[in-house]
Amino acid sequence: MPLPIIRLHPQRHKRAMEGHPWIYSNEIVMADPDAKDAEPGALVQFRTHDKQFIGSGSFNSKTLIAGRIFTRKPIEQIDGDFLHARLENALALRGRLINEPFYRLIHAEADGLPGLIIDRFGKHLSVQLNTAGMDRLWPEIEKVLAKLLKPESIVLRNDSGSRALEGLQRETKFVRGEISEPIEIKENGLTYFADPGTGQKTGWYFDQRDNRALVASHAKDAESVLDLYCNAGGFSICAAKAGAKQVIGVDSSEAALELARKAAVKNKLDKKCQWQRADVFEDLERRAKAKEKHDVVIADPPAFVKSRKDMNSGGRGYRKLARLCADVAAEGGIFFIASCSYNMALPDFTAHVAHGLHEAGRSGRILHTVFAAPDHPVHPHLPESAYLKGLLIRLD
């Protein structure tokens, strides 16, 4: 059966025809019968007003991003074979990039599967179905994953805010197997612990893998490293292994800190590491009043800008964080700060950090501008997929 046809308004097709994977609701002729009758997430074909084929994908008339293109080939069907080919291709790419099976396997549009996130923890998978289209395709996706990877467990971390926008229920549940205790993962020659079922996001921030190693390379022989928003200890333990004499990890989540403690013991670095549960801003103000100084200060906060309406408040948050971190950084120290807010562009983020350093009376030099690890590829037409950015700065 041919797919229903979703037409675009005259002169509203150029962006999609040039490779952008999204089609917005105001670009679509919603009055057409196929558009009115399509169920959320239905597979359709997108065409220009004069019937030129643009691509096939999923359609949801209830959302701003109404169309998501999966393929530009008119004869290609979006079925089990299609999904198998996309997943197999992503698996082969990760195998070339990373030696061990701990990585982001599918990064949505950048891997040709809009709305799908899969993180691999060896024999365990953590999955997010962020669109109605992917939600409908899940039974076929699960079959392909079972065939390709034979996972012991699969947890659906369907708790993202984007599901609500798609009209989908938010939930977390195991659909295959279960996990009774934290999973060991390998990264940068170290062992960490993750909990895909209850941990933040999908259970581990694979995107910071390379950045953890970079920051650690500047922590050798450091007297003190302060790791803020340390989560399960990714940056902290890497810095301790690199030769830092003391590492202090601060986070508001006791569950995350327990994973960090467990990893420190596993790597025989627990004598170097201290873990403190606290609100980061309050903790930094206390340390500044005590005139503490640290050779390396790391700040990897959650997204301060979750939507465009948060731009002003989020910008102030990054400025304040940079100022407070500069207050406790030693002269000649290293300061690493990251943002996972895709709405906050790199130039704006850099400007806010620079403003914060100025308010602290500090100057510095950016040594590295960094992004997500390569298992989080970027769609060339979708800057939103390049959400993570970070600055490694040497402070004067």
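How many residues does the largest nonpolar core have, and which of them have the most contacts inside it? The answer is 43 residues, with Ile-185 and Val-225 having the most contacts inside the core. A nonpolar core here is a set of buried Ala, Val, Leu, Ile, Met, Phe, Trp, Tyr and Cys residues joined through side-chain atoms within 4.5 Å. Buried means under 20% relative accessible area, exposed means over 50%, and partly exposed is in between (1.4 Å probe, protein chains only).

Before going on, a word on the model. It is a predicted one, where local features need pLDDT of at least 70 and side-chain atom pairs count only at pLDDT 80 or more, while totals for chains, interfaces and linings use all residues. Residues are numbered from 1 along each chain as its sequence is written, and side-chain values use heavy atoms, with hydrogens and water left out.

Helices (H or I, at least four residues) and strands (E, at least two) are DSSP runs, numbered from the N terminus. Apart from this core lies another, of 30 residues, including Tyr-229 and Phe-349. As for Val-225, leaving aside residues up to four places away in sequence, it touches Ala-219, Ala-239, Ala-244, Gln-246, Val-247, Ile-248, Val-296 and Ile-298. Contact means heavy atoms within 4.5 Å.

Now take a look at helix H9 (residues 280-289). Val-280, Phe-281, Asp-283, Leu-284 and Arg-287 are buried there. Seen down the helix axis, the buried residues of H9 fall within an arc of 160 degrees, so they line one face of the helix; the arc is that of the directions from the helix axis to the C-beta atoms. They pack against strand S13 (225-228), strand S14 (247-251), S15, S16 and helix H10 (311-327). On the other side of H9, Glu-282 and Lys-289 are exposed.

Follow the chain into the loop between H9 and S16 and you find Lys-291. With 69% relative accessibility, Lys-291 counts as exposed. Lys-201, with a phi of about 55 degrees, sits in the loop between S12 and H6 and is exposed, at 56% relative accessible area. Asn-231, with a phi of about 50 degrees, lies in the loop between S13 and H7, but counts as buried at 12% relative accessibility.

Grid points are joined across faces, edges and corners, and a volume is the space filled by probe spheres set on the points.

The structure holds one cavity of 30 Å³ or more, and the largest cavity has a volume of about 40 Å³. Its lining includes Ser-58, Phe-59, Arg-68 and Glu-166, and the largest share, three residues, comes from S5. The second largest pocket has a volume of about 230 Å³. Of its 14 lining residues, the closest to the centre are Met-1, Pro-2, Leu-3, Glu-76 and Gln-77. S3 gives the most to this pocket's lining, with three residues.

Methods: 1 Å grid on protein atoms, 1.4 Å probe; cavity = no way out; pocket = protein on both sides within 12 Å on 5 of 7 lines; lining within 4 Å.
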